[in-house]
Amino acid sequence: LKNLRESKTIGSYVHPESSIMGVEILKEGSFMGIRADIVTHTTMRWRVGKEFRYLVKKACEKKKVVLA
């Protein structure tokens with residue numbers, strides 16, 4: 001969430017009350033669900049969500065977590 005708030009393009013749209021609760025679902029083989037409550041302006045929700053998923057992907061790649 002820190003990286004999302006520090007983003008030059010969308011950081012100002014992420015409300016301080018946003019939070020990441022953590023991993024919600026793990027299923028053997030291939031599925032993991034992450035629970036996040038990101039508060040933003042209605043018109044920016046898709047862009048903020050896309051950036052969040054991109055940052056999660058980068059973090060997984062850095063830790064060598066294989067994504068399908």
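Start by colouring the protein chain by secondary structure: along the sequence you will read the pattern α-β-β-α. That gives two helices and two strands, where helices (H or I, at least four residues) and strands (E, at least two) are DSSP runs numbered from the N terminus. You are looking at a predicted model, in which local features need pLDDT of at least 70, side-chain atom pairs count only at pLDDT 80 or more, and totals for chains, interfaces and linings use all residues. Residues are numbered from 1 along each chain as its sequence is written, and side-chain values use heavy atoms, leaving out hydrogens and water.

Next, zoom out and show the C-alpha atoms, which fill a box of roughly 35 × 20 × 20 Å along the principal axes. Of the 68 residues in the protein chain, 19% are buried; buried means under 20% relative accessible area, exposed over 50%, and partly exposed in between (1.4 Å probe, protein chains only).

Now select helix 2, residues 45-62, and show the side chains of K57 and E61. What joins the side chains of E61 and K57? They meet in a salt bridge, 2.5 Å from N to O. A salt bridge is a side-chain nitrogen of Lys or Arg within 4 Å of a carboxyl oxygen of Asp or Glu, and the structure holds one. Side chains of opposite charge can pair when their charged atoms come close. Follow the helix between the two partners: E61 and K57 are four residues apart, so about one helical turn separates them.
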